[in-house]
Amino acid sequence: MKSEKLKSVRIFSGIQPSGDIHIGNYLGAIKQWIALQEKNDCVFCIVDWHAITVPYEPKLLRQKIKEVTATYLAAGINPKKSVIFVQSHIKEHAELTWLLNTITPIGDLQRMTQFKDKSKKYGGNISAGLFNYPVLMAADILLYQTELVPVGQDQKQHVELAREIARRFNAKFGDTFTLPQAQIMKIGAKIMSLAEPTKKMSKSDKPETRIGLFDTAEQIKKKIGSATTDSGKEIEYNPEQKPGISNLLTIYSLFANKTIKDLENEYAGKNYQTFKQNLAELLIEKLAPFRTKKAEFEENPEQIGKVLKEGAEKARAIAQTTMEKVRATMGLL
Ligand code: AQP
């Protein structure tokens, strides 16, 4: 029997308040956070400065920040166990970003897949902020002396760059930052779009391409019913040839806590329609508690304000300690 207590490590992760949180964000990131907060020193951020690197609606941003906070709480992030705060409340994120910019080669930023994808998506409207996004993300992570960053597959490259920036900084100025590492789920790290299963599910894509964590039963039935499936009728996992049904099998497996193999056996000889109906029922059942809890938090906005204020105080204390070290080592007065 294993009885040794695992060492507690510093964990940092965040989500942009750029749209409605979907099951991809949940399965790739939030679900890991809930498990990790039991034994570790967790810091979870609402990364609002990241969300303004692409065109956005200022009137909606505040609302979205509160919604993401309510989502964290409704999903099970416990403010007694984890620090929850808004990025822009801690000005040290901006200060460290500037300093890290001075040691980050432009070529490294030009290679970032997300920058290339988003540049294409937003056409002529590319800001220096979008280009520098990975440096801000490195500052977010390094400010808290983070060891592990639980994220989805799409953020792996950014975490690797943060590690490289930390390594370069330490080599140039002396040992200052912990070297962070991405923690990525073996299954569920890249949930795909329901409409185009070769693309990842995304907050900023059309609503029918994703299942929101707070979607109603009607919305779930409609979206799963019209999710793209593949030619043939076998319910089998084959992401290359059958990306649509493979994505639905992944989602089913993670919410039902069954292996994909078990599901393939269970649905052998059954059709897509039955599978989709059962998946929709499963999602309706599993997501219902999130909806109820989120409504409770939204009825109590003072609680959200209190969580964010207390979270900011705890985050600031860690960030200030790191910045004192950084300023001294870089030779600033
Ligand atoms: N499809 C996905 N499958 C698994 N994990 C995912 N994540 C995002 N999409 C998937 C993970 O969720 C966390 C928060 O993401 P983010 O807010 O930093 O933004 P993102 O990665 O750019 O995700 P979106 O939903 O596609 O947002 P928009 O449309 O605003 O760009 C991260 O850990 C991410 O890996």
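Lys-258 is partly exposed, at 33% relative accessibility; that label covers everything between buried (under 20% relative accessible area) and exposed (over 50%), worked out with a 1.4 Å probe on protein chains only. Its salt-bridge partner is Glu-266, and the closest N and O atoms of the two lie 3.1 Å apart. Glu-266 is partly exposed as well, with 33% relative accessibility. A salt bridge here is a side-chain nitrogen of Lys or Arg within 4 Å of a carboxyl oxygen of Asp or Glu.

A word on what you're looking at: this is a predicted model, where local features need pLDDT of at least 70, side-chain atom pairs count only at pLDDT 80 or more, and totals for chains, interfaces and linings use all residues. Residues are numbered from 1 along each chain as its sequence is written, and side-chain values use heavy atoms, leaving out hydrogens and water.

Back to the salt bridges: the structure holds 22 of them.

| Salt bridge | N to O distance |
|---|---|
| Lys-258 and Glu-266 | 3.1 Å |
| Glu-160 and Lys-156 | 3.3 Å |
| Lys-261 and Glu-264 | 2.8 Å |

Glu-160 and Lys-156 sit four residues apart in helix H8 (residues 156–173), about one turn of the helix. Glu-160 is partly exposed at 44% relative accessibility, and Lys-156 is partly exposed at 33%.

What separates Lys-261 and Glu-264 along helix H11? About one helical turn, because they are three residues apart in that helix (residues 260–266). Lys-261 is exposed, with a relative accessible area of 55%, while Glu-264 is buried at 13%. Elsewhere, salt bridges with shared partners tie Asp-108, Arg-111, Glu-164, Arg-167 and Arg-168 into one network.

Now for the whole chain. You'll find 13 helices and five strands in it, which are DSSP runs (H or I over at least four residues for helices, E over at least two for strands) numbered from the N terminus. The C-alpha trace spans about 70 × 55 × 45 Å along its principal axes.

Buried residues make up 50% of the 333 residues. Take contacts (heavy atoms within 4.5 Å) between residues at least 6 apart in sequence: 75% of them join residues at least 24 apart.
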